[in-house]
Every structure is written in C-alpha cells, then in structure tokens.
Amino acid sequence: MMSQEANERTRRLWDRYAPRYDREIRRSERLLFPDGRSWACSRARGEVLEVAIGTGLNLPYYPRGITLTGIDLSPAMLAIAWDRAGALGRTVDLREAGADALPFPEASFDTAVCTVSLCNIPGDRAAIAEMYRVLRPGGQLILLDHVASDRRWVLAIERLLEPVTLRLNGDFLTRRPLPLVEAAGFTITGSERLKLGIIERLTAVKP
C-alpha cells in the first residue's frame, strides 16, 4: 500500500483541481485521444470497476447492460461524478478509495477500466496488482493513458517536462504500464501506440 502521506497529497491536489478538471482535460483530449473514452468503455462487460473515475467523464460511453462501480481518492471529483450520473440517469456505485487498496474482495469484477489516470496514481504498480486481484479469472483490464514514448526525441522532451508536471498536478509523463501489467500476471491481448508513441491503448486478461 502506498504511504498515507502520498495518498493525502493526491487527494488534496485533485480536490483543488476538480472544479476546472473537465474544461482542461477536454482540451488535451481533442488533441491526444479524441475517441479514447468510447474505445475503452465500449469494451467493458459484466460487473465493471472504474479505477480513478474522477468526475465521471466516461459515464456516457459505457454500454447500458453493465453494472458499474467507480472509486476515486477525491471527494470533490466524486461529487461531480455523482451529479453527472444523475443527469445521465445512470446507476453507479461511487466510493472514496485509493487505487492501491481497493475495498473489494478478490474476484469481484469482470472488467477493470482506468483511463488517463494511472499517470497520476502515486503507486501505479500497486494499482495494477489490485486490479488483478479484484478481477475474476478471464476478467479484462482496459487501460488508456499517456506513457513514455518509444521515440527517443519525444521521450527526451517528456523527461524534461516531467518535473514540472509532477509539481503542478502529480502527473508522470514517463511511466510504462505494459511491463507492470505483465509482471502482475496479466496476459496482454492488445497494445496500440498513437500520437508519436505518447498515447497507449492496452487490453489484457487475467488468466
């Protein structure tokens, strides 16, 4: 489990950021992953857990037949997600929790989704291990995020910018989820790099 201090810092950061999050993330979405949310959510099946659901921007994109649970560290972000779910007429179980210690028994879900959030979670390795734990055998993991580019000159820029983004909003630019997903025990079923290798769409299955 990540230190309480790291989680508290992240909670405070996102509580402050919540009122302007939707406006700012939509600007980068148009450039970097315009159809990313629909790509991720359309693949969800059965009982679904969204890790770091934030303000609930994914809610409109989930199929109607699923059962949805969402967790987030930030009460302010969850309050916006709750209002959004109500406006959409969508039933969702929202809980305040950290991704490194999910409050669910083993094998509780058929799908785990995390979009544009693993880059901000203090312990990405622990979060992936927890998603593995709560998925049923045959359950699928769906990740969408910005990652360390596979192009050297782009990666050099990411490394230059990362100290600034970490200070501003705890945003890691040079993380690489795929090896952590494999190390957790998942079988990779799909991996696609977009936008000069910065954006990765990743799907995996728990054997």
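A residue is called buried when its relative accessible area is under 20%, exposed when over 50%, and partly exposed in between (1.4 Å probe, protein chains only). Helices (H or I, at least four residues) and strands (E, at least two) are DSSP runs, numbered from the N terminus. By these terms, strand E5 (residues 135-146) is largely enclosed by the rest of the structure, because 9 of its 12 residues are buried.

This is a predicted model, in which local features need pLDDT of at least 70 and side-chain atom pairs count only at pLDDT 80 or more, while totals for chains, interfaces and linings use all residues. Residues are numbered from 1 along each chain as its sequence is written, and side-chain values use heavy atoms, with hydrogens and water left out.

**Strand E5 and its partners**

- Two strands pair if DSSP finds at least two bridges between them.
- Strand E4 (residues 109-115) runs parallel to E5 and is joined to E5 by 6 bridges; Val113 stands opposite Ile142 of E5.
- Between E4 and E5 the chain passes through helix H4 (residues 124-134), and this β-α-β crossover is right-handed; that is, with the strands pointing away from the viewer, the path from the first strand over the helix to the second runs clockwise.
- With strand E7 (residues 199-205), E5 pairs in the antiparallel sense over 7 bridges, and Leu141 stands opposite Ala204 of E7.

**Salt bridges**

- The structure holds 14 salt bridges, each a side-chain nitrogen of Lys or Arg within 4 Å of a carboxyl oxygen of Asp or Glu.
- Arg11 and Glu96 meet through their side chains in a salt bridge (3.3 Å, N to O). Arg11 lies in helix H1 and Glu96 in strand E3, so the pair ties together parts that are 85 residues apart in sequence. Arg11 is buried at 17% relative accessible area, whereas Glu96 is partly exposed at 47%.
- Asp35 and Arg201 form another salt bridge (2.5 Å, N to O). Asp35 sits in the loop between H1 and helix H2 (36-41) and Arg201 in strand E7, 166 residues apart. Asp35 is partly exposed, with a relative accessible area of 41%, and Arg201 is buried, with 10%.
- Glu47 and Arg136 also form a salt bridge, their closest N and O atoms being 3.0 Å apart. Because Glu47 belongs to strand E1 (residues 47-51) and Arg136 to strand E5, the pair ties together parts that are 89 residues apart in sequence.
- A network of salt bridges links Asp150, Arg176, Arg193 and Glu200.

- Asp100 lies in the loop between strand E3 (92-96) and E4.
- Asp100 is buried yet has no salt bridge, and the nearest side chain of opposite charge, Arg11, is 8.3 Å away. For charge, Lys and Arg count as positive and Asp and Glu as negative, while His and the chain ends are not counted.

**Aromatic pairs**

- There are 5 aromatic pairs in the structure. Rings of Phe, Tyr and Trp (its six-membered ring) pair if their centres lie within 6.5 Å; planes under 30 degrees apart count as stacked, over 60 as edge-to-face and the rest as tilted.
- Tyr17 and Tyr21 form an edge-to-face pair, 5.8 Å centre to centre with 85° between the planes. Both Tyr17 and Tyr21 are buried.
- Ring pairs link Trp14, Tyr17 and Tyr21 into a cluster.
- Phe104 and Phe109 form an edge-to-face pair, with 5.1 Å centre to centre and 90° between the planes. Phe104 counts as buried at 8% relative accessibility, and Phe109 is buried at 5% relative accessible area.
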